[in-house]
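Have a go at each task before you read its solution.

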Amino acid sequence: MSLAEISTEQDAYNFAYLDEQTKRMIRRAILKGIAIPGYQVPFAAREMPMPYGWGTGGVQVTASILGPDDTLKVIDQGSDDTTNAVAIRNFFAVTSGVEMTMKTSEASVIQTRHRIPEEELTEDQTLIYQVPIPEPLRFLEPRETETRKMHALSEYGLMHVKLYEDIATHGHIATTYAYPVMVEGRYVMDPSPTPKFDNPKMHKNRALQLFGAGREKRIYALPPFTDVVSLDFEDHPFQIQEWPDTCCAMCGAKDVYFDEVILDNEGSRMFVCSDSDYCETRQADGHYGEMHAEYKERIQ
Amino acid sequence: MYVAVKGGEKAIKNAHKLFAAKRRGNANVPGLTTAQIVEQLSFVVDRVMGEGSLFDRELAAIAIRQAQGDLIEAIFLIRAYRTTLPRFGYSTPIQTDEMLISRRISATFKDLPGGQILGPTFDYSHRLIDFGYDSEEAAEAPEQSELIEASTPRVTDMLGDQGMMEPDPQSAEGEEVGDLTRAPLDFPADRDLRLQNLARGDEGFLLALGYSTQRGYARTHPFAGEIRMGEVEVEFFAEELGFEVPLGKISVTECQMINQFQGSEEAPPQFTRGYGLVFGHAERKAMSMALVDRALRWEELGEELTAPAQDQEFVLSHSDNIQATGFVEHLKLPHYVDFQAELDLIRTMSEEFWAERNDEPTTKMGAAE
C-alpha cells in the first residue's frame, strides 16, 4: 500500500505534517532519550499549527514515530472525547490518515495528556505524554543553567528538602500530580502532570514511554521495564490517591482513578472512571454501577 | 441519569463555524481586502512580519484578516506556516549603511553627514481624533527630495573612528551565526542568539523591559544614537555561481542606542551600544530591543546583575508571545484530573485543620464531606 493511498493529507504537507528532516532530528533525540532513561534531551522543537502548551511536544513525537501501519489513540484526562484529544486526533487523521481507535488494546501508539490508561500496556505499544514543564526541579530552581548542573551531579537534595518540608508543615507531601520520580536510580524525572495515582504504572511498564515538551524543547524517555520509583521517605512512604468505599457509578470499577461529577445545584456528586475506554469496556462486559440504567433494571 | 460527556467533535465543528461567521461580521458591510490591510494598516502588517519572523506583507495581511485583527494569533499563523517552508540557506548580512533611507534621526547630534530625515512619522503630531477624516480621499502628495543613492554612515561608526565608541564585535572567520529556530536555545546564550530572540520577541514585553531600565532597574544611560528606517537589499551567496545574488528588498528599522559607560575592570570608559533591528517600520520595538540588548550585556562589560532586564534566562525564556500565549491559554484545557488530585489533598488537609481546632468549617465545600 502506498503512502498516497492511505493518506488523506493535503499536498502541501508531508505524512504526519512534519518534514522528514525534522522527524529524523526528533527521532535522534528520542533515541538518545531511550539510551539515557529520564534524561531531558534538548531538541529543536518546531512551531506547530496548534498552540504551545496544547500538546505540541507530544504531537511532534507522535508525528516522528508514526508509520502508515500504526493505529493511534489520543486521550486527554483519560478520555478520547475531550476537546483537545478530538482536535489532536483530527490533526493526525487529516495529515497521516492512519487508523484511529478509542480502544487502548487496539492502539499501537497512544498520545496522552494527564493520564495513563488503566488497562495494562504491552511491549507492542508506545505511550506518548504531552509535557508542559519537563524540569522536575523548575519550581525549586527556575534557572536552566542551575538545574542542568544539578542533574549532571545527581544533586537532588533540594527536592528531598522540599518533600520533607511539606511533611513538616502539612503532615503530607503536598504534591498530588507531576509527582517526581527517580529513574533507574539516576535521574529525577517529571512524570508530566499525571496524578500520582498513575506513577506506579510507569514502573517497569512493558510499553515504550516517550515524553515530549514542545515549548520547553525537551524529549525524554522510559524504555520498557525501566525502574521508576516515586520519591519518598522510609517513614513516609509514597501513597497513591485512594477512594475508599467508592465505585464507578457507571461500571462499578474500584481501584481506578475517578472523575468527580457534580450532579445538581445542591452539590450532590458521583464518581466515574476517568479512563473512558476502560469504563465502556467494562460496561460492555456487563459490569454496571449504581447509576447505570441496566443496574437499576437488574435491581428491580 | 448521568451520561458520559460526548460530542466533543461536533461541538468543535460548530465552534469553528460560529467563529467563521464572527470573522465575516455583518455581510452587508463590504469584506476587507488584504490590499486594504497592506496599504492602510502598515504598522500591524509590520508587527506581524517582525514577530512572525517572515517578511511577506501579503501573507501577513491574510493572517491578520483570518485572525480578525488579533495580532498574536496572526503572528502564530505566520510562524506555523514559516516553519513548514524549506530552508535553502542564510543570506549574507544586510548592509544598513547602504539603506535606501525613508527616515533617519539621531538624538545625539544636531546635524550629521547624511542629515536628519524625519520621513513618515507620528512623532510631533497632536493626538487628536480626526473626526473629519475621509478614507476615500487621496492624501496630498508630499514633497520629496532627490533620491540619495550614496551610502549613509551610521552614527556609531563616526564615533567609533575617534575611539569613543566600543567597536562592533566581529565574529571569527567561518564562525556560524546561531539560529534558535533550528537548535534549542542553550544558556548562557551569545549575543547573536539573544538578538534573534529579541527581534522575534513580543513588542509589549520588550517595551516594558526597556522602560524598566530607564526607571532604574539596571540603568544604562541611553541616547538614541540613531534610528533609521528604509529598504535594504538581501543577498544570497550562491555556491554554484561563486557570487552573491540579490534576492529582493526588505524594509527594516534599525536602532543604535549609545550608552554612557564609566568603565569597569573589564572595559575602558567609553560609549557602549545596544542594538535593535526589526522588519518594517517599528521604531518602538527597535528602540526597546536596543535597550534590552544593552542591559543583557552586563556580564561582558563587568556590571552587576540587579534587574530583570539583565537576566537572560528571564528575558529570553519569556519574550516569545507565541510560547507565552500558548501556555497561558492552555489553562483553558480540561485539567480535571489534576484538579481532582488537588481536591483530594485539600479536603484531607482541611479536615485535619478543623479537627486540630475542634471546630467546624463554615464553607460549604468542607461541610459537604
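**Exercise 1.** Find which helix gives the most to the lining of the second largest pocket, then describe that pocket.

*Solution.* 
1. Start with the helix: α1(B) gives the most, with 10 residues. Helices here are DSSP runs of H or I, at least four residues, numbered from the N terminus.
2. Now the space: the pocket holds about 2,000 Å³. A pocket is an open set of points on a 1 Å grid over the protein atoms alone, where a 1.4 Å probe fits, with protein on both sides within 12 Å along at least five of seven lines; lining residues have an atom within 4 Å of a point. The volume is the space filled by probe spheres set on the points, which are joined across faces, edges and corners.
3. Look at the middle: of the 48 lining residues, P49(A), M50(A), P51(A), H16(B) and E73(B) are the closest to the centre.

This is a predicted model, where local features need pLDDT of at least 70, side-chain atom pairs need 80 or more, and totals for chains, interfaces and linings use all residues. Residues are numbered from 1 along each chain as written, chains are lettered from A and ligands numbered from 1 in the order written, and side-chain values use heavy atoms, without hydrogens and water.

**Exercise 2.** Work out whether N205(A) is buried or exposed, and what it touches.

*Solution.* 
1. N205(A) sits in the loop between α7 (199-202) and β8 (208-213) of chain A; strands are DSSP runs of E, at least two residues.
2. Its relative accessible area is 9%, so N205(A) is buried (under 20%; exposed is over 50%, partly exposed in between; 1.4 Å probe, protein chains only).
3. Beyond neighbours within four places in sequence, N205(A) is in contact (heavy atoms within 4.5 Å) with L121(A), P224(A) and F225(A).
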